[in-house]
Amino acid sequence: MPELPEVETTRRGIRRALRGRRIAGFELRNHKLRWPVDRSLTKTLPGQRVVDVRRRAKYLLIELEQGTLIAHLGMSGSLRVMPADAPWLKHDHYEIRLDDGHGLRFNDPRRFGSLHWVTGDPLEHPLLKGLGPEPLARGFDGTYLAGRARSRKVAIKQFLMDQRVVVGVGNIYASEALFRAGINPRRAAGRVSRERLDRLAGGVRKVLGEAIRQGGTTLRDYVNADGTPGYFRQKLYVYERAGQPCRRCGTPIRKLAQGQRATYFCPACQT
Ligand SMILES: [Zn+2]
């Protein structure tokens, strides 16, 4: 599943290709994504210039002159810039054609991705309204987490993955950030000290920042990007390392289930 770093990597790649370009056409081969895509976009989009490409949580906001496209990659989607006449592959669902002969093609085998068009403030859209702060934005720190965690009994890992608390911290990054902060993932959120919440906020920023930098290495040839997610290149401390020695203390990494997700942690380093 594309996590926040992959979405941010995608944003940077497509922003470079799209910004300032005019849309020459929109081809919709399959409107049945997670929600039906509005077929009238084939008439609405052409002629408009791309003002900017931004991101909120894991949504890409393609800002045009008269509104904003809100695109989500779902579980298995990818958005890639390619020559507009490139052959359509199985699971290619739409293409935004640009005035320079390139197109932005969306491929998604599982069709959990989505595309919405809004003319008002995209941040007021029901999908985006109510989301917590961005983990890489100023203000995401131990003070903020402490305010939200006060007297909460939910496990700190589930708390960290709650999109109303903070967006974009998926399973891999929650596990890795908790390791860096030395916090047992089962500990009640309200019982984690302020000092450790500071370290946790720092850990989240660090693991996401590293992943984005790694993802950035595929940007150079983004037009031909193979879609390899950045986290495969990242050094993981606990994620999917059950039974292997902790890189810090040698204790075998443990795996447990939390809210139907696998959690990995070091029972010695994380208390
Ligand atoms: Zn350890």
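Good morning. I begin with the metal site. Four cysteines coordinate the zinc ion through their SG atoms: Cys 246, Cys 249, Cys 266 and Cys 269, at 2.2 to 2.4 Å. Please keep in mind throughout that this is a predicted model.

What is the arrangement of the four donor atoms around the zinc ion? They subtend angles of 102 to 113 degrees, and therefore the arrangement is tetrahedral. Along the sequence, the spacing of the donor residues reads C-x2-C-x16-C-x2-C.

I turn now to a sheet. In general, the strands of a sheet pair through backbone hydrogen bonds, either parallel or antiparallel. Which order do the strands take here? The sheet is open, has four strands in the order E1-E6-E7-E5, and its pairing is antiparallel. At its edges lie strand E1, residues 23-28, and strand E5, residues 78-83, each of which pairs on one side only. On average, and with direction ignored, neighbouring strands of this sheet are turned by 20 degrees against each other.

Let us look at one pair within the sheet. Strand E6 covers residues 92-98 and strand E7 covers residues 102-107; five bridges join them in the antiparallel sense. If you wish to find this pairing on the screen, look for Ile 96, which stands opposite Leu 104 in E7.

A helix accompanies these strands. Helix H1, residues 4-18, lies across E5, E6 and E7, and runs at about 30 degrees to E5.

Ala 57 is a residue other than glycine, yet its phi has a positive value, near 55 degrees. Where does Ala 57 lie? Its place is in the loop between strand E2 (50-56) and strand E3 (59-64). With 3% relative accessibility, Ala 57 is counted as buried.

Glu 240 is also not a glycine, and its phi is positive, near 55 degrees. This residue belongs to the loop between helix H6 (194-215) and strand E9 (254-258). Is Glu 240 buried or exposed? At 55% relative accessibility, Glu 240 counts as exposed, because the cut-off for exposed is over 50%.

Thank you for your attention.

Methods. Residues numbered from 1 in each chain as written. Predicted model: local features only at pLDDT ≥ 70, side-chain atom pairs only at ≥ 80, totals over all residues. Heavy atoms only, no water. Donors = N, O, S within 2.8 Å, 3.2 Å for Na, K, Ca; no water. Tetrahedral: all angles 85-135°; square planar, octahedral: opposite > 155°, others 65-115°. Pairing = 2+ DSSP bridges. Helix = DSSP H or I, 4+ residues; strand = E, 2+ residues; numbered from the N terminus. Axes fitted to C-alpha atoms, helices over the stretch in contact; angles between N-to-C directions. Contact = heavy atoms within 4.5 Å. Buried < 20%, exposed > 50% of the residue type's maximum accessible area, 1.4 Å probe, protein only.
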